[in-house]
Amino acid sequence: AMAEVVSLGRDLISRENSAEPFCEKTPVATSMENERTALVQYALNFAQLMEQILHTEDHCDPFVQAGGLGAILDLYPLLIPPSSQFLSNVSCLSSPSVSTLAHTTIEDSLSVAFRCIAVHYDSTRMLK
C-alpha cells in the first residue's frame, strides 16, 4: 500500500512540475490541491500507524525486509510540493503556518518510525 502512495506522489510531483504556478482556483489547480491534500493524509495515516507498530522489535525486521524503509525514504521528499507550487500555495493561504503544521506532524511521526527501526533493526543489514 505504501508503494502505491509513493507512486501517486511521484505522479503528482510530475504534474505539479509541469504546471504553471497558480493562485486562482482553476479546475486543474483544485484537482492537484485535492490530490496533494490526500497524499499528505495518506502519509500521515501511514506514519501514525508505523509509529505504533514499529515500537515492537519483532515488527521491524519484517517491515524493513518487505521494503518499508525504502518506501518511507521514497515518500518523504514527495510530501513537499515543488518550489513554485509550495510558494504559490503558501501565498494563497490566509495563515501560512497552516501549511507547515501538517508537514511537521508527518515529519515527527516518520522520525519516530526511523528511530524505532534504528533501535530495533540490525544496521549492518540495513546498509546492504
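Of the 128 residues in this chain, 35% count as buried, where buried means under 20% relative accessible area, exposed means over 50%, and partly exposed lies in between (1.4 Å probe, protein chains only). The model is predicted, so local features need pLDDT of at least 70 and side-chain atom pairs count only at pLDDT 80 or more, while totals for chains, interfaces and linings use all residues. Residues are numbered from 1 along each chain as its sequence is written, and side-chain values use heavy atoms, with hydrogens and water left out.

**Overall layout**

The chain has 7 helices and 0 strands; from the N terminus on, its elements run α-α-α-α-α-α-α. Helices (H or I, at least four residues) and strands (E, at least two) are DSSP runs, numbered from the N terminus. Among the contacts with a separation of 6 or more, 80% come from residues 24 or more positions apart; contact here means heavy atoms within 4.5 Å.

**Helix α1 and its two partners**

Two packed helices are described by the angle between their axes and the distance between the axes. Axes are lines fitted to C-alpha atoms, for helices over the stretch in contact, and angles run from 0 to 180 degrees between N-to-C directions.

| Helix pair | Angle | Axis distance |
|---|---|---|
| α1 (residues 2-18) and α4 (residues 68-75) | about 20 degrees | 9 Å |
| α1 and α2 (residues 27-53) | about 150 degrees | 10 Å |

The second pairing makes α1 roughly antiparallel to α2. For orientation, angles under 35 degrees count as roughly parallel, over 145 as roughly antiparallel, 65 to 115 as roughly perpendicular and the rest as oblique. On the α1 side, the contact with α2 is made by M2, V5, L8, G9, L12, I13, R15 and E16, which meet M32, E35, R36, L39, Y42, F46 and M50 of α2. By class, this contact has 10 nonpolar, 1 polar and 4 charged residues. In that scheme Ala, Val, Leu, Ile, Met, Phe, Trp, Tyr, Cys and Pro are nonpolar, Asp, Glu, Lys and Arg are charged, and the others, Gly among them, are polar.

Turning to the other partner, α1 and α4 are roughly parallel to each other. Their contact brings M2, V5, V6 and R10 of α1 together with G68, A71, I72, D74 and L75 of α4. The class count for α1 with α4 is 6 nonpolar, 1 polar and 2 charged residues.

**The two sides of α3**

Helix α3 (residues 57-65) has C60, F63 and V64 as its buried residues. These cover an arc of only 90 degrees around the axis, which puts them on the same side of α3; the arc is that of the directions from the helix axis to the C-beta atoms. D58 and Q65 are exposed on the other side of α3. Just after this helix, G67 takes a positive phi of about 95 degrees.

A113 is found in helix α6 (residues 97-120) and, at 0% relative accessibility, counts as buried. Not counting residues up to four places away in sequence, A113 touches M50, L54 and I72. A113 and L54 are 59 residues apart along the chain, yet their C-alpha atoms are separated by 6.3 Å.

P81 sits in the loop between α4 and α5 (83-92). With a relative accessible area of 14%, P81 is buried too. P81 and N17 are 64 residues apart in sequence and 8.9 Å apart in space, C-alpha to C-alpha.
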